[in-house]
Amino acid sequence: MRHGPLVFLAAFFALSASWFGFVLTPQVELGRAAQETNAVMKAELYPMGRPGIARQGAEIYRANGCAYCHSQQVQQEGTLVSVVMTDAGTNTSALADYLNQLLPGRKYMGPSVGAGLPKVILTNATIDDAAIFAKKLKSAGAASQFRLVPIGPDIERGWGERRSVAQDFVMDATALPGSLRVGPDLSNEGNRHRDPNWQLVHLYNPATVTPKSPMPAYKFLFTRKKIGKQASPDALQLTGEFKPDAEYEIVPTPEAKALVAYLSSLRSDTPLYEAPITPAAAPAAASTNAPTK
Amino acid sequence: MNASSTTSSASDSISIAEIDQSCRVPLFQMFASAAVWLVVASVFALIASLKFHMPGLLANCAAFTYGRVHPVATNALIYGFGVQAGLGVALWVIARIGVTRVVQPWLIAVGAKLWNFGLLVGVIGILVGDNTGFENLEIPRYGVVFLFLGYLLMAIFILATLHNRRERMLGPSQWFLLAALFWFPWIYFTANYLLLSHTPVRGITQSIIAWWYSGNLNLVWFGLVGLAVIFHFIQQWMNRPLYSRHLAAFTFWTIVLFGSWSGIPASAPVPAWIPSLSTVATVLTIITAISVMMNVCKTCGHGCSETESPAAGKFIAFGTMAFGIAWILNAVGAVPGVNSVTNLTWYGVGVWQLNVFGFFAMTMIGAIYHIVPQVTGMEWPCGNSPKRHYWLALIGVILIVAPFVIGGVVEGFNWRNVNVAELEVAKKSLMFVRITTLGEVAILLGNLMLLGNLVGLSVRYYRLHFVPVYKGALAEIKPAEVKP
Amino acid sequence: MSSPSHQPVSNAPQDSGAKDPVVPVWLIIVCFMLVYWGAVYFDQHGGWFNTQVYTPYVSAEDLQKYQVFGGPDPMVLGAQVYGRTCTGCHQPNGKGTPGTFPPLVGSDWVNEKEPGRIIRIVLHGFQGPGLEVNGQPFNTTGQMTAFGELDPPAGLTDEEIAAVITYVRGNAEWGNHASPVTEEQVKAIRNKYATRKSQPFSPTEIKGINPAE
């Protein structure tokens, strides 16, 4: 029995199955995704393309292998709901009694129920419980809204307001979700550290802002030059032992500025259909992937 | 020293010596280059490891930043040593089992040269900043072309050698190697074409393909080739066939079916069906580990330590155990409850090291220690060195894998605990990383021993085979007589 | 250290007649149990190949449940819609252009108790002489676009119309304190004029309409 061809066929079948499942199907489902009008915030496109300097920064990020220690994939373990009362209706004393029944331990007084609206009535409920509670409120004449609260260690650390999804990477030339977290996740870095100067100083020598940090110093992204007639406006403000010698200043190269622009453009706070959150009431500009001033 | 037994009384019988002789040219090229790349990989891995607790090391040099040194180390190990030595050992195994000469050995050596050139160009590209950004696929496009062409050249003639076999029936080692020879070009071409061509796929699809490729390379390809070599040597040294061919066939199916769907992390920013399928497949690979351990243990019985090449035998035995442990750890790490702790931590790095170095590289090193004396007909210059290498490698692997696995679990728990600040998590992992640096030192020393031994043996071979010819040629050249 | 080398072991099945051991039954059972676990796991967590379902959501229905006021504050959406649609004529400060584009700031039309007229205007457009806002006459020879009849992005969906009207009516900075408008109200009025299409209302016509309808 010559089972050479059989072995080949077995391998061919197995590999083509996995190729079909993990190469072809994702390309068909996700590969042609484009910027979309956000299903939730209908007025804007998501994701906004990064401005040119941030795109150059993405190339610096890739070339220096930042993705080997930093991930860009926020995880989410669940979504809880808070019920927010927006309108106490006309019969506030009956509502107060009803609420005291539903939520033992609260002591709502009649008129004060309607004060300070909108206010949170129920926290950390599952979506089904919240829906039941909202119906009960409606039957008592009140109106309510839900506020979604994603949960998970990544979200509690502020690494993102919601989990990362495929749409987040659509405008990236190279998707760099990373595979190891020696340092924090960077999906929301633009929101976590808004000051580009902090980013520059941190890149120059992480030990300046986080003592004993294991992150390497990226001194090659900066030039040490003699101070001219006056200090350059870009010069890093360093203190203590990290300060360069007198007459010298540390100035970021264009690569450093591009990298910082990229880091500042990383945001993970836009609500999407597949990752719903209740957006802050802040204006839409804060949720795009473009850097803000 | 040369074995002169023949296989059969058929008129076209071929001696083992002739088989080995036909392997000499390609194997010398492949093993020597592989040993060099192994040392290069260890050096870069050591530098990368040092940077964790000495962040100021070489900080001013862009080419030596961690993000460039680390991919050089992994690519040199995987492609420079792993695939190359794997193909060399596969060639020898196929020639030996098939009792046939190697087809076009010189072309195979040319293929290996192309492979090395592509890797060299690629490694320099990474150091210069052309890192593609995809794990295990960091070699830029200009290197990939040569790597692929070199592979094709090598694989075609290895397949031709398989085709020429006397015994038409295929054994487990041959199934595995045959499948592997076809597997690699498909995954390599697909991944590199879709990611690095002029019209690459966009968005997170890139990462899905990169993860798919990594899973197929690390689990399927290394698994198939490594196990083929292990099975061959076990049958050889126990002087009996594998305990169960059916079990070997079962292993084959579990590797190709389950291993090929592994590799996508559960946290990936992709629709839920993709990581779910991958999780299920990875957990199912535990069946592979169980079936292999069963087959090997039943074949070896109690005679595991009686081998004709003690040092090589130790390496192969260690490689087998590492396979079992690595695949079990990998499967356990994918179980959803465990994965929520170990995902994106050092745990995955430790398991990867155990699989690629502890299982695959150790197996190939052992095979090299066995094969080279047979093929060249000479003993290793330093007879004790293989044993010392074994102990260094053993210590090295344990010192690398154990801290990463344990440290990864600790790190995972720390990341989940919001009260532990980010810097604290890094600081708590530091002790584990320092121990792994010691492991890298041990491994580097061992690999230097292999390279030194190979160089010594090559020098001796040259002296034995070429110098007399050269001297003889010289002797025939008489000085011209000076006419008065 | 090679001993006199023996032949490579044949790969043929043993000739001794001993049977090649099969895969042990317990291993097959373990394999099937794991496959069963895998199937259940995929069923519960896989989202059944739906592109929009990500963990922790388990299915398309589950994800749909969370699309509740997961959307923005109507005031925020309304501000965005106003910004990209209305500022061209009514100006970002809502004051319009005297004589040509009526203001929305403190407008009596905007602040009517019932929003019926305003909804009609946004849905089907407005044109014609005789418009008076806060006592000031406006000569609307130009036409206000029928935003409800065009397709987005040039036009507006019912939700966007409701949001922008809510925003304008409730904009405290402009001194408007009227009640919000819901999508259902917009839909109800649209249904009344299903055949009207883009024919704009004129001031005389709209004055004849009871805003409560």
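1. Contact between the chains. In this predicted model, 60 residues of chain B meet 60 residues of chain A. On the chain B side, eight charged residues sit alongside 17 polar and 35 nonpolar ones.

2. Which elements of chain B face chain A. At least two residues each come from α1 (16-53), α2 (66-98), α5 (172-196), α6 (205-238), α7 (245-258), α8 (273-284), α13 (385-416) and α14 (422-476) of chain B. The top contributor is α5(B), with seven residues.

3. Fold of chain B. Chain B has 14 helices and zero strands. Its pattern along the sequence is therefore simple to write: α-α-α-α-α-α-α-α-α-α-α-α-α-α. Of the contacts in chain B between residues at least 6 apart in sequence, 84% link residues at least 24 apart.

4. Overall dimensions of chain B. A compact globule of 484 residues would have a radius of gyration near 23 Å, and chain B agrees, at 23 Å. Along the principal axes, the C-alpha atoms of chain B occupy a box of roughly 95 × 65 × 45 Å. Buried residues make up 63% of the 484 in chain B.

5. A covered helix in chain A. Helix α8(A) spans residues 254-264 and is mostly covered, with nine of its eleven residues buried. These are Glu255(A), Ala256(A), Ala258(A), Leu259(A), Val260(A), Ala261(A), Tyr262(A), Leu263(A) and Ser264(A).

6. The buried residues of α8(A) pack against helices α2 (52-63), α6 (189-192) and α7 (196-204) of chain A. They also pack against strands β6 (222-226) and β7 (248-252) of chain A.

How values were computed. Residues numbered from 1 in each chain as written. Chains lettered and ligands numbered in written order. Predicted model: local features only at pLDDT ≥ 70, side-chain atom pairs only at ≥ 80, totals over all residues. Contact = placed C-beta atoms within 7 Å. Helix = DSSP H or I, 4+ residues; strand = E, 2+ residues; numbered from the N terminus. Nonpolar A, V, L, I, M, F, W, Y, C, P; charged D, E, K, R; others polar. Buried ≥ 20, exposed ≤ 12 C-beta atoms within 10 Å, placed from the backbone. Rg over C-alpha atoms; globule rule 2.2 N^0.38 Å.
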